[in-house]
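Good morning, and thank you for joining this meeting.

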Amino acid sequence: MISRHLLSAADLTREDTIGILDTASELATVTDRSVKKLPTLRGRTVVTLFFEDSTRTRISFELAAKRLSADVINFAAKGSSVSKGESLKDTALTLEAMGADAVIIRHGASGAPYRLANAGWIHGSVINAGDGTHEHPTQALLDAYTLRHHLRGGQGDLAGARVAIVGDILHSRVARSNVALLRTLGAHVTVIAPPTLLPYKVQSWPCEVSYDIEDVLPHLDAVMMLRVQAERMAGSYFPNELEYSRRYGLDSRRMALMPPDAIVLHPGPMNRGVEISAEVADSPRAVVVEQVTNGVHVRMAVLYLLLGGRSEELLAEGADR
Amino acid sequence: MPERTVLDASDIRRAVRRMSHEILESAKGLDDLVILGIPTRGVYLARRIAGAIGEIEGREVPCGSLDITLYRDDLRLREVRALEPTSIPAVGIDGRVVVLVDDVLYSGRTIRAALDALADVGRPAAVRLAALVDRGHRELPIRPDFIGKNLPTSQGETVRVHLTEIDDEDSVMIRQVDQ
């Protein structure tokens, strides 16, 4: 189905994506059982290599790998030899020497997962868990999974669905991955942001661009609110949080502009009172907590599809029964 | 070597009917019975058996499917496989007599995986095994309780079951594989 690595949502075909989402749906049924564990990846080693802070993504991957019986090693840059100045290459060689079958990497530099996958340092699969301002493919997959379960009576087809992504598009890997994946699934995407938070040449993206949230909300099936990422904002992109909130935040008055069955997504962590009001965040139309649950299923699916079959060495040896 | 039909539609119909009677008789009634088919064709056979039992007894018997892909012992020998649906009836399997249904019983490895999968779902009072065709060559100490047809084969042959639910016709065919 999918190839050896998962580096970018833009690499996924429609068929790949549907395959991952369907696999995730089957794996979700495991959560309802008394024993929430599968023996599928027994004896495989999965490393989470996080150079940036993260709670939910790392925990989500760790839980997904453990539910599939893989051994999990958490490698955080803080408190490791990376903080002593070790390079990505040397860290990778160390992980290879320890026999990692998959490396899940989050890095502040866009392209770090690509480098890790293609430099020949390691043999295992590389999964991008967020690189700089580039991509965060499993977030886009879990968002698509969540949308599939809510829109069109849960029929699963996102073709023609109307989704808006609001906020810091410039710095958002979530937005990039989502625009690519939703487009692949045939959805109609609009990005909404102040002009200062839109990337150069956003017109070339396969989506529409708007500066006015109230203009777009009445036509949506779902809106995805992005976090204002203070840590990536070296300069000032808008005068202050209050003004941002007034022009681009989602409060209950604006939510009421949306069709009654439209839903609100947020990749978390939320800045309540900035991009989303507490009232909206706690309303039944906000599916934020469900996104977290779905994240585990989608990551189990990705791990299964990358590691569940014949390994590269066996393929090379042409081993058969 | 051409393909040879060993069971036709009416043979399959009679076999399913007989197995249904046998299952019902051994279970001494319906109260604890749960029928679980192993995808792909075991699921359709399970539904046929559940339908036949329902007709005989005049009420429905819980019927579902159990995908065993994630429990296979040969995952690493092949390309990754797509998952099939698992649906356990709402009554659950705890304390019940579960009848596993598969189309062809061969090495027994599928059933080994199914037993592992069942143990993760719950704790049945007993597990029975029904197969439309038993072609022998077991590699594990597993034996069926209900058999549609015993079919002596060599390991160089393949047995294919077709069911109208997903194929053109009801048939069981045997063919020598070119070496």
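This is a predicted model: local features need pLDDT of at least 70, side-chain atom pairs count only at pLDDT 80 or more; totals for chains, interfaces and linings use all residues.

Let me begin with the largest nonpolar core, which has 144 residues. The residues with the most contacts inside this core are A:Val103, A:Val166, A:Val223 and A:Leu303 from chain A, together with B:Ile35 and B:Ile49 from chain B. Helix α11 of chain A, residues 288-307, provides the largest share of the core, namely 10 residues. Domain 1 and domain 2 of chain A each contribute at least three residues to this core.

To take one of these positions in detail, A:Val166 touches, beyond four places in sequence, A:Ile192, A:Ala193, A:Ile213, A:Val223, A:Met224, A:Met225, A:Leu226 and A:Tyr248.

For chain A the average pLDDT is 90, and 93% of the residues score at least 70.

I turn now to the domains of chain A. Domain 1 comprises 9-136 + 293-317, and domain 2 comprises 137-288. Their centres, taken over C-alpha atoms, are separated by 26 Å. How many residues does each domain bring to the contact? Domain 1 of chain A brings 24 residues and domain 2 of chain A brings 20 residues. On the domain 1 side, α1, β4 (125-131) and α11 of chain A each supply at least two residues. The largest share of that side, 6 residues, comes from α11 of chain A. By class, the domain 1 side has 9 nonpolar, 10 polar and 5 charged residues.

Next, chain B. Its secondary structure consists of 3 helices and 8 strands, which follow the order β-α-β-α-β-β-α-β-β-β-β from the N terminus. The radius of gyration of chain B is 16 Å, which agrees with the value near 16 Å for a compact globule with 179 residues. Along the principal axes, the C-alpha atoms of chain B fill a box of roughly 50 × 40 × 30 Å. Of the 179 residues of chain B, 39% count as buried. Among contacts in chain B between residues at least 6 apart in sequence, 68% join residues at least 24 apart.

Finally, the contact between the chains. Here 18 residues of chain A are in contact with 17 residues of chain B. Helix α1 of chain A, residues 14-28, gives the most to the chain A side, with 3 residues. That side divides into 6 nonpolar, 8 polar and 4 charged residues.

Thank you; I welcome your questions.

Methods. Residues are numbered from 1 along each chain as its sequence is written. Chains are lettered from A and ligands numbered from 1 in the order in which they are written. pLDDT is the predictor's confidence in each residue, from 0 to 100. Helices (H or I, at least four residues) and strands (E, at least two) are DSSP runs, numbered from the N terminus. The radius of gyration is taken over C-alpha atoms; the globule rule is 2.2 Å times the number of residues to the power 0.38. A residue is buried if 20 or more other C-beta atoms lie within 10 Å of its own, exposed if 12 or fewer, and partly exposed in between; C-beta atoms are placed from the backbone. Two residues are in contact if their C-beta atoms, placed from the backbone, lie within 7 Å. Ala, Val, Leu, Ile, Met, Phe, Trp, Tyr, Cys and Pro count as nonpolar, Asp, Glu, Lys and Arg as charged, and the others, Gly among them, as polar. A nonpolar core is a set of buried Ala, Val, Leu, Ile, Met, Phe, Trp, Tyr and Cys residues joined through C-beta atoms within 7 Å. Domain bounds come from an automatic or database domain assignment.
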